[in-house]
Amino acid sequence: MFDLNEKTGFVNTILESLLPVSKRQGSIEDAMRYSVLNGGKRLRPIMLIEAFRLFCADTETEKMIALPFAAAIEFIHSYSLVHDDLPAMDDDTYRRGQLTTHKKFGHAMGVLTGDALLNYAFETMSGAAVKVSGIRNVEIKAVLLDRCVRAISEISSQTGYLGMIYGQVRDCSEETDAAPDEVIKTDELKTSCLFEAALVAGAILGGADPEQIDRIKKAGYHIGIAFQLRDDILDETATFEELGKDIGSDEKNGKKTFLALMGREKTVSRLHTEMDKARETINDLPGEHGFFEDLCTMISSN
Ligand code: GRG
């Protein structure tokens, strides 16, 4: 099994170095740092980097494009959590073991910090592309610029109004008698879209071909659904100390989860089916994919 702490630590150093320096307590930079550097697992950036490494072993290219894009994915993920915790959405008090951003900095700053992180993700990705445009070798420059543009396009659409945001719209307005398939569709948009974006962007940046991109996208879909089902179970069974966030939030907000509709046994069984499908799609990818097999085991085992 891979060492998650080591990989999380690696991503943390990148995030730390790319986030703006805090000018003073309570500033927007302070709130951005608070909301990101607060103990997340960093699964999405880790997945982006590992997907990149399946297709490209060049460490200079990794530093120039894969690492900033990995940080950007975490900025987007962090913004979505900050906004999801707001009073208008889940109205949560704790996230990652500390006060949610709006509880710490006030409601308006909660909104603005999420906005700032979303914008900063795009500043970070386009900043990487600007660096690429300074490469002297015209062929390498053209190839890498093309990959950056396609990765930005993938990330923006998967997290946009037809992707993650639409998932949140559905989540906020789901009928109490929604059918299980409808709930899975919401999970796909709310959760899988960002996993897909991380994997596909990593693969694009590494130089994957269209068939390989399609394959890794499917893996992202199944991993995301399994991850959401696991999150639903943990929301019911885990403790605050284990998760560092409000427990029973789904029930409090009357959320119709797959678990609430289908029960524990069927949810666990569906989770394992999704993981098996993810493993099947991953197996045909090139390179060393032990990381992804371990990730599937990790998600299905607790
Ligand atoms: C656009 C506001 C907005 C939200 C989008 C992401 C999201 C939808 C809502 C956040 C809450 C939620 C239940 C998300 C589903 C995905 C999920 C389980 C997120 C938590 O991810 P982890 O466990 O968190 O990777 P850490 O803290 O480790 O980064």
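# A guided tour of pockets, ligand and rings

The lining of the second largest pocket divides into 2 nonpolar, 3 polar and 7 charged residues (Ala, Val, Leu, Ile, Met, Phe, Trp, Tyr, Cys and Pro count as nonpolar, Asp, Glu, Lys and Arg as charged, and the others, Gly among them, as polar). Before you click further, note that this is a predicted model, in which local features need pLDDT of at least 70, side-chain atom pairs count only at pLDDT 80 or more, and totals for chains, interfaces and linings use all residues. Residues are numbered from 1 along each chain as its sequence is written, and side-chain values use heavy atoms, with hydrogens and water left out.

**Stop 1: the second largest pocket**

Stay with that pocket and select its lining, which includes Asp-232, Asp-235, Glu-236, Asp-250, Glu-251, Lys-255 and Lys-256. A pocket is an open set of points on a 1 Å grid over the protein atoms alone, with protein on both sides within 12 Å along at least five of seven lines, and lining residues have an atom within 4 Å of a point. The space here is about 190 Å³, where a volume is the space filled by probe spheres set on the points, and grid points are joined across faces, edges and corners. Now colour H10, helix H12 (249-252) and helix H13 (258-262), each of which supplies at least two lining residues. H10 gives the most, with 3 residues. Helices here are DSSP runs (H or I, at least four residues) and strands are too (E, at least two), numbered from the N terminus.

**Stop 2: the ligand**

Next, centre on the ligand and show the 18 residues around it; Lys-41, Arg-44, His-77, Arg-96 and Gln-228 come nearest (near means that a heavy atom of the residue lies within 4 Å). A polar side-chain atom of Lys-41 sits 2.6 Å from a ligand oxygen atom, one of Arg-96 is 2.7 Å from a ligand oxygen, and one of His-77 is 2.8 Å from a ligand oxygen. The protein buries 91% of the 710 Å² that the ligand exposes when taken alone (areas by the Shrake-Rupley method with a 1.4 Å probe). Helix H4 (59-84), helix H8 (164-173), helix H9 (180-206) and helix H10 (210-237) each give two or more residues to this shell, and H4 has the largest share, 6 residues. By class, the shell holds 5 nonpolar, 7 polar and 6 charged residues.

**Stop 3: the cavity**

How many cavities of 30 Å³ or more does a search of the whole structure find? The search finds 1. A cavity is a set of points where a 1.4 Å probe fits but cannot get out. The largest cavity holds about 80 Å³ of space. Select Ser-35, Asn-38, Val-82, Arg-95 and Thr-101, the closest to its centre of the 13 lining residues. H4 gives the most to this lining, with 3 residues.

**Stop 4: an aromatic pair**

Finish with Phe-2 and Phe-291, a tilted pair with 4.7 Å centre to centre and 45° between the planes. Rings of Phe, Tyr and Trp (its six-membered ring) pair if their centres lie within 6.5 Å; planes under 30 degrees apart count as stacked, over 60 as edge-to-face and the rest as tilted.

Definitions and conventions
Polar contact = N/O pair within 3.5 Å; in protein donor to acceptor, adjacent residues only side chain to side chain.
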